[in-house]
Each structure stands twice: as structure tokens, then as C-alpha cells.
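User: I would like to learn how to read the features of a structure such as this one, step by step. Could you show it to me and begin with the packing of a helix?

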Amino acid sequence: MKLLTYSLATLLVFSFSATSHATSIYAGKSKAAAVCSQCHGIRKTSAEAPFPPLAGRNEEYMENALKQYRDKTRVSDIMNNIAGSLSDRDIDNIASYYSRLKP
Ligand code: HEC
């Protein structure tokens, strides 16, 4: 029983640190594929689309833009909606993923 309690505690500590620290470009990748790519694409937006490309853009710039959309200091009906449901962690992960792509 003691052993079980110990391993559960270890597990909790590890899963907590995994979700609360290191930025994950893998999590960013799946979020980008599921949500953002519908408009922004992954490497390129579709030719006739009016959406700004994100691949290879500055990481901090994207983080700031997404936080501004989220708190509505930057106004866009579409992006205010989308960024409204992103956590700080999502924003870090997605910006980290897109910034590392070659356009
Ligand atoms: C339904 C379409 C749509 C989806 C889905 C979408 N966006 Fe956007 N995004 C837009 C539009 C339109 C703009 C331009 C808005 C403006 O003029 O500020 C934009 C602008 C942006 C900008 C600012 C770019 C710049 O050059 O300043 C960033 C960053 C961004 N989106 C990130 C994301 C991320 C990350 C996701 C996924 C979580 C996402 N978007 C999902 C339509 C979309």
C-alpha cells in the first residue's frame, strides 16, 4: 500500500510538471491542425484566402497577437472568438509550433 501511494504521488508530480512547464510543439501541432489550419493552413494559406500565413512567423509576435485577440485589445470577430478559448499554454504551444515551421 505504501508503495502504491508512493508511485501514485510520483505519477501526479510528473504529470503535473509535464502539463505546467515545458512548451510542447506536439500539442501545438495537433491544435494547429485541428483548429487554425482551417483558415491559416499549416505552411501556406490557400491561394485565394485572405488569412495571414503563420508558418515561420516570430513566436513572440504570435503569442502577443493571440493574447490581444483573447482579451479583445485587438479586434477581429473571428480571432476574438477563437482565441477566447485558448489557455496561455495553448498559445505558447501553438506559437512555438508555427514559428518553427519553414514557410
Ligand atoms: C475561421 C478562420 C480562422 C481560424 C480557424 C483561425 N484564424 Fe487566425 N486569423 C483569421 C483572420 C481572418 C485573421 C485576420 C484578423 C485581423 O485582421 O486581425 C487572423 C489573424 C491571426 C493572427 C494575426 C496575424 C498577423 O499577421 O498579425 C494570428 C497570430 C492568428 N490568426 C493565429 C491563429 C491561431 C493560432 C489559430 C488557431 C488556434 C487561428 N488563428 C485560427 C482567421 C482564422
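Analyst: The buried residues of H5 pack against H2 and H3, where contact requires C-beta atoms, placed from the backbone, within 7 Å. This is a predicted model, in which local features need pLDDT of at least 70 and side-chain atom pairs count only at pLDDT 80 or more, while totals for chains, interfaces and linings use all residues. Residues are numbered from 1 along each chain as its sequence is written.

User: Which residues of H5 are buried?

Analyst: A residue is buried if 20 or more other C-beta atoms lie within 10 Å of its own, exposed if 12 or fewer, and partly exposed in between. In H5 the buried residues are Ile 91, Asp 92, Asn 93, Ile 94, Ala 95, Tyr 97 and Tyr 98.

User: How many helices and strands does the protein chain have?

Analyst: Helices (H or I, at least four residues) and strands (E, at least two) are DSSP runs, numbered from the N terminus. The protein chain has five helices and zero strands, and 16% of its 103 residues count as buried.

User: Which residues make up the largest nonpolar core?

Analyst: In soluble globular proteins, nonpolar side chains tend to be buried together. A nonpolar core is taken as a set of buried Ala, Val, Leu, Ile, Met, Phe, Trp, Tyr and Cys residues joined through C-beta atoms within 7 Å. Here the largest such core has 11 residues in all, namely Ala 32, Leu 54, Ala 65, Leu 66, Tyr 69, Ala 83, Ile 91, Ile 94, Ala 95, Tyr 97 and Tyr 98. H3 and H5 are the elements that give two or more residues to this core, and H5 gives the most, with five. Leaving aside neighbours within four places in sequence, Leu 54 is in contact with Cys 36, His 40, Met 62 and Tyr 98.

User: What surrounds the ligand?

Analyst: A residue is near a molecule if its C-beta atom, placed from the backbone, lies within 6 Å of it. The ligand is surrounded by 16 residues, the closest being Cys 36, Cys 39, Pro 52, Ala 65 and Ser 76. H2 gives the most to this shell, with five residues.

User: Why is Met 79 classed as partly exposed?

Analyst: Met 79, whose place is in helix H4, is partly exposed because 19 other C-beta atoms lie within 10 Å. Met 79 and Cys 36 are 43 residues apart in sequence and 10.0 Å apart in space, C-alpha to C-alpha.

Technical notes
Two residues are in contact if their C-beta atoms, placed from the backbone, lie within 7 Å.
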